[in-house]
Structure formats: structure tokens, C-alpha cells
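This briefing concerns the two-chain structure shown below.

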Amino acid sequence: MSPFHRPPQFNWWVGNRAFTLFVVRELTSVFVAAYAVLALLLLRNLALGRDAYEAYLRWLVTPGMVAFHIVALVAALYHSTTWFALSPKAMVVRIGGRRVPPRVVVSANYLAWIIVSVIVAVIVLRA
Amino acid sequence: MRKSAEPFWWLLFATGGTVAAFLVPVHILLGGVALAAGVTREAFAYDRILTLVSHPASRLYLFVLISLSLFHWAHRFRYTLAEGLHLKASWLPVSVGCYGSAILGTLMAAMVLARL
């Protein structure tokens, strides 16, 4: 190894609040993906028939899975809020040549989020 | 100059991040937390969910939700592994592993949803 090569460090993000929050934000995607896999499994068991589907639902409400869903919900909410906070930086909205203030863009995202969530809930609960 | 595939993966990441930000919390709430609390148990009965999911619009929606959520993860996880764990030397296998999993999940979602 060259004497100028610094050995890799795996804990650079520990101890610095901004770096830790950055890594936490990136790792929320693991929960998003895990949820996608659970949704896929639900559909697969639904395709297999009533018994498989009902057995799957019973597994979903075991203590370990309930704990997972609570942590995953917190992670998903953290992803949503950080994603909306970044939206004015990712996309500058102009109306009539004037830049829409970042605060308004973020608020519009939250409003859309609430509306979309209510629509999904109504479809799932009342369809 | 070789064309980079990076904008393509980034676009999937950005679209997936938006889809996940808007939709994943309500799905986890309804199908996970509220289900365990017993609130949505009737809503998730076999016949109801089968009818709901059998609609072509629901199937397209679920396909987009699952696939883009996975691509969003693949992109973020690739960079987290490369930068967080200094795996830059294994950039190619990490990329193939991450995007490969997302592609596999997408194919499985397509197969399952097509048969429902």
C-alpha cells in the first residue's frame, strides 16, 4: 500500500449530526424497498388464493412485523418530509416570470400529499 | 465520448422518490399499523382486496408503486454503500446488485399482477 493512501474509515458519519442525518435519510430507502417487497408478497399470496392470503395477513400482525411497520412508517415519513423540503431546490417554479417562493412550493407538496393520502385511504377503505 | 447511463438511473430515482414520498406512508399506515390495530381488518378481507386489485387501474398503480420504490432504493443504496462504506472499488458489482434487484422485483411484480 502506498504510504499516501489513507485507510478507509467506515464511521465518518458518526458524531456529526448533519452527516448522521444524511445517512439516516439515505437509509430510509431500505424501508421503502422492504415495504415494496412486502406489497409484492401480499399480491403473490393473494394470487395463490384465500388460505395463502389469510395466512400472510396473520403473519403481518405478529409482534415483529408490527414493530417493523412502525419503524418503516417513521422512516417513510422522514423520507417524505426531507423529499418535500428539497423540492424547491430540485425544481424552480416560475409563474409570470417570477420565482415562486420555496416555502410555497413546499406547502403545495404537503397539501398534495394530504389529498393523495386521503384519496388512497378512501379507495382502500370504501371501494 | 461514451454516453453515461447515469441520467436514466437518476430519473428513475427521482420519480421513485416522489412516488414513495407521496404514497408509501399511507400504505404502511393502512396495510401495516392500522391492520395490526384491527382498524382495517375488514377492508383487507380477501374478497374485497381481490376485487379492488383486479381492476386494471389498481394493477398499473401497484406496478408503478412497487417498481419505482425499488429503483429509488437501488440508486440511494448504491451511493450509500459506495460512499458510506468506501466501496468505490466495487462500484460495478454494487451497481449490478442494486439495480439487478430492482429489475428482478419489477419483473416479479409484472408477473404476479398479470396473473391476478
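How many residues does the contact take from chain A, and how many from chain B? The contact takes 44 residues from chain A and 43 residues from chain B. The model is a predicted one, and the predictor assigns the complex an ipTM of 0.93 together with a pTM of 0.91.

**Contact between the chains**

- On the side of chain A that touches chain B, at least two residues come from each of α1, α2, α3 and α4 (102-126) of chain A.
- The largest share of that side of chain A is supplied by α1(A), with 16 residues.
- Sorted by class, the side of chain A that touches chain B comprises 35 nonpolar, five polar and four charged residues.

**Architecture of chain A**

- Chain A contains four helices and two strands, arranged along the sequence as α-α-α-β-β-α.
- The radius of gyration of chain A is 21 Å, whereas the globule rule gives 14 Å for 127 residues; chain A is therefore more spread out than a compact globule.
- The C-alpha trace of chain A spans about 60 × 60 × 20 Å along its principal axes.
- Of the 127 residues in chain A, 19% are buried.
- Among the contacts in chain A with a separation of 6 or more, 39% are accounted for by residues 24 or more positions apart.

**Architecture of chain B**

- Chain B has four helices and zero strands, and its pattern along the sequence is α-α-α-α.
- For chain B the radius of gyration is 17 Å, well over the 13 Å that the globule rule gives for 116 residues, so chain B is more spread out than a compact globule.
- Along its principal axes, the C-alpha trace of chain B spans about 55 × 30 × 20 Å.
- Buried residues amount to 35% of the 116 residues of chain B.
- Where contacts in chain B join residues at least 6 apart in sequence, 71% of them link residues at least 24 apart.

**Nonpolar core**

- In soluble globular proteins, nonpolar side chains tend to be buried together.
- The largest nonpolar core here has 39 residues, and those with the most contacts inside it are Val32(A), Tyr35(A), Ala76(A) and Leu70(B).
- Two or more residues of this core are given by each of α1 (17-48) and α3 (63-90) of chain A, and by each of α1 (6-36), α3 (56-84) and α4 (91-115) of chain B.
- The largest share of the core, ten residues, is contributed by α1(B).
- Which residues are in contact with Ala76(A), leaving aside its neighbours within four places in sequence? In chain A they are Thr28(A), Phe31(A) and Val32(A), and in chain B they are Val24(B), Pro25(B) and Ile28(B).

**Confidence of the prediction**

- Chain A has a mean pLDDT of 91, with 96% of its residues at 70 or more.
- Within chain A, confidence is highest in helix α2 (residues 50-60), at a mean of 97, and lowest in strand β1 (residues 94-95), at a mean of 86.
- Chain B has a mean pLDDT of 93, and 98% of its residues reach 70 or more.
- Where pLDDT is low, the predicted coordinates should not be read in detail.

Notes. Residues numbered from 1 in each chain as written. Chains lettered and ligands numbered in written order. Predicted model: local features only at pLDDT ≥ 70, side-chain atom pairs only at ≥ 80, totals over all residues. pLDDT = per-residue confidence, 0-100. Core = buried A, V, L, I, M, F, W, Y, C linked by C-beta atoms within 7 Å. Buried ≥ 20, exposed ≤ 12 C-beta atoms within 10 Å, placed from the backbone. Contact = placed C-beta atoms within 7 Å. Nonpolar A, V, L, I, M, F, W, Y, C, P; charged D, E, K, R; others polar. Rg over C-alpha atoms; globule rule 2.2 N^0.38 Å.
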